[in-house]
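Please open the model in your viewer and keep the selection tool at hand. The stops below tell you what to select next and what you will find there.

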There are 2 protein chains.
Amino acid sequence: MTTTPTTPLTEKQTTSVIKRQKTIGYAAHSPETPLAPFSFERREVGPRDVQIDILYCGVCHSDLHTARNEWQNTIYPVVPGHEIVGRVTKTGNEVTKFKTDGLAAVGCMVDSCRTCASCREGLEQYCIPGFTGTYNSEDKILGGVTYGGYSKTIVVDEDFVLRLPENLDPAAAAPLLCAGITTYSPLWHWNVGKGSKVGIVGLGGLGHMGVKLANAMGAHVVLFTTSEHKKEDGKRLGAAEVVVSKNQAELDKHLESFDFILDTVSAAHDINLYMALLKRDATLTQVGAPEVLNVSPFSLIMRRRSLAGSLIGGIKETQEMLDFCGKHGITSDIEMIPIQKINEAYERMLRSDVKYRFVIDMASLEK
Amino acid sequence: MTTTPTTPLTEKQTTSVIKRQKTIGYAAHSPETPLAPFSFERREVGPRDVQIDILYCGVCHSDLHTARNEWQNTIYPVVPGHEIVGRVTKTGNEVTKFKTDGLAAVGCMVDSCRTCASCREGLEQYCIPGFTGTYNSEDKILGGVTYGGYSKTIVVDEDFVLRLPENLDPAAAAPLLCAGITTYSPLWHWNVGKGSKVGIVGLGGLGHMGVKLANAMGAHVVLFTTSEHKKEDGKRLGAAEVVVSKNQAELDKHLESFDFILDTVSAAHDINLYMALLKRDATLTQVGAPEVLNVSPFSLIMRRRSLAGSLIGGIKETQEMLDFCGKHGITSDIEMIPIQKINEAYERMLRSDVKYRFVIDMASLEK
């Protein structure tokens, strides 16, 4: 996710000299080279900033796409990571929401224009000039590019820092910051709740969160997977039914019955199979991003169905999601790795060999 | 539009002997042969039926697709026509809404199950077991198949007959029964009104009605056409702006600005050009039916946009549309033809050589 830099720096920012501090992390220096140790600078804490010692960082598919320049927008060196959980080590003198030693979290955004219609509605993810991504975005304060959570520390304006419920395992909570909000936001926006019949397509990092969250919202959850062996796990995670989508007869039992379907699959797949399962006026929302979706217009027209998309979630909504997860005891199923295994983890992700999210134990950085 | 016959006949219908009367029309007997005169039978007027002497019948692209079996579902011989305006010549003794000699109209449906959730909501076009199409559907009363409006008379249950406002030219009003309602229904459903910025893609039979109706609803209408020479006509019909969609710079002026876009184009085209013009949370609705729509997921995801479809409209809504057209003096721009020119008209439609709808003067049938 890149942003188009259009917001001018404020006078205060441009005239004051921004102090810097050193930190360390892991960066990719080219599409072909493995991630490796990297020293770089963060800004010193400003009046509204929170400095966080990163404990855990989830590993998102976007990290891999960006590290390898698969979206043709990477600025090297790149420090990926936008599922960040840590402990507050310092706060600016105007900060009111965070205190030293408390847990805090940072997701996919560290700033936005704050003035456009989307920002004013708390939907910073749809910021019209473009939000500042946690990595690979223009750093409007320090100059250069933003660096993400595969690192020791991060400094973020408190408006873009989240409170983490104390009852959640902080490592397993890290993936909530992207995989969690990416699935929570559309489920919430399209009114999933008690009595809804909801389909989740795909059981990966996003899909397994979708199953847990939709189930906690009170929906009857049907998981669609191409893998027969994922049936049991789907049920354990909260699906009332698991349908192997290669089996047309199984799909046909669900024709025209869903209130909402969340499609988390990034690989090429036939969404018309799932469109046919929606009720009249219902929506299938795509959060994975295959290169192209080949849609049969008849599946839309004959039942006034909609195909939509959704991007992460706003800051207010992300906090609501974390509080919801705190209340329901929801975290991600994770496999913890040291940062030294990040390149191997990327290879395993490409083989879907992870249940269901890698999380980096950032203490490993100094080993 | 075909229906799956699942509603059983009522006891009354199956035990009574349905009387028949002869009529004449034009039918296709195979995909390759031209339409030609055809004698067939209608039922005699039952207690709830209205018999209509057809004055005018609009020529819809569906007629051509069905006559030539392009949807692989045609039952021959087929009498097309579902934009029917005529004069009532006889009514059953339980009919309350129509009187002999009054004007009446029939659109794409002549019956539905009347009991499913869609029918109960007045959305018979989405009848779950399937509505009875005006032609090429199972005739559940007489047996065999329904025959459409390229004919002298038709007999229809009064619940599926519409009142035509007396101030409208009945010939030019005929296309309202399909082209009119197909565009009115989505404009209404997606809340087009005063202050909306609405795009209409394509200036054919559907598109020209979309421009007129959206303009009458109070919207700022932008017509998208590939034909430079249609600019003037677009403005005459009610578009505030006409954009030649081959010109990317013209499109770019409208990025992220539309509340709603109605896409009426049936030929293959790149809808991503138009998706990018929608505001956050806005919808593009397809009423034309290209074989496949190739959608870029990013255009959906980055602004939570929707791509939807819509099918004609319910009976109640069709009456509201006719009343709206009466109030605003809206009809179709038509070219009148005798039935003997129907095959030539089909060829001209394939070349888009009609402004903007052919209407058959049914008096020609007996010449």
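Begin by selecting strand S15 (residues 293–295) of chain A together with S15(B), which pair in the antiparallel sense over three bridges; two strands count as paired if DSSP finds at least two bridges between them, and strands (E, at least two residues) and helices (H or I, at least four residues) are DSSP runs numbered from the N terminus. Within this pairing, Leu293(A) stands opposite Val295(B) in S15(B).

Before moving on, note that this is a predicted model, in which local features need pLDDT of at least 70 and side-chain atom pairs count only at pLDDT 80 or more, whereas totals for chains, interfaces and linings use all residues. Residues are numbered from 1 along each chain as its sequence is written, chains are lettered from A and ligands numbered from 1 in the order in which they are written, and side-chain values use heavy atoms, with hydrogens and water left out.

Next, select the residues where the two chains touch: 39 residues from chain B and 39 residues from chain A take part in the contact, which means heavy atoms within 4.5 Å. The area buried between chain B and chain A is about 3100 Å², with 60% given by carbon and sulfur atoms; buried area is the accessible area (1.4 Å probe) that two parts lose on being put together, summed over both. On the side of chain B, colour Arg280(B), Ile301(B) and Arg304(B), which lose the most area to chain A and together make up 23% of what that side buries.

A salt bridge is a side-chain nitrogen of Lys or Arg within 4 Å of a carboxyl oxygen of Asp or Glu, and across the interface of chain B and chain A the rule finds two of them. The elements that give two or more residues to the side of chain B that touches chain A include helix H5 (179–189), strand S14 (278–286) and helix H10 (297–301) of chain B.

How is chain B related to chain A? Chain B can be laid on chain A with an RMSD of 0.0 Å by a turn of 180° and a shift of 0.0 Å along the axis, the copies being superposed by least squares on the C-alpha atoms of residues with pLDDT of at least 70 in both. The two copies are therefore related as by a two-fold rotation axis. The same surface serves both copies, and 100% of the contact residues of chain B recur in chain A.

Now select Arg114(A) and Asp159(A), whose side chains meet in a salt bridge (2.8 Å, N to O). Arg114(A) lies in the loop between strand S6 (109–111) and helix H3 (117–120) of chain A and Asp159(A) in the loop between strand S8 (153–157) and strand S9 (162–163) of chain A, so the pair ties together parts that are 45 residues apart in sequence.

Finish at the loop between helix H12 (342–350) and strand S18 (357–361) of chain A, where Tyr356(A) is found. A cis peptide bond joins Lys355(A) and Tyr356(A), with omega about -10°. Ser352(A) lies in the loop between H12 and S18 of chain A as well, and phi of Ser352(A) is near 55°, a positive value in a residue other than glycine.
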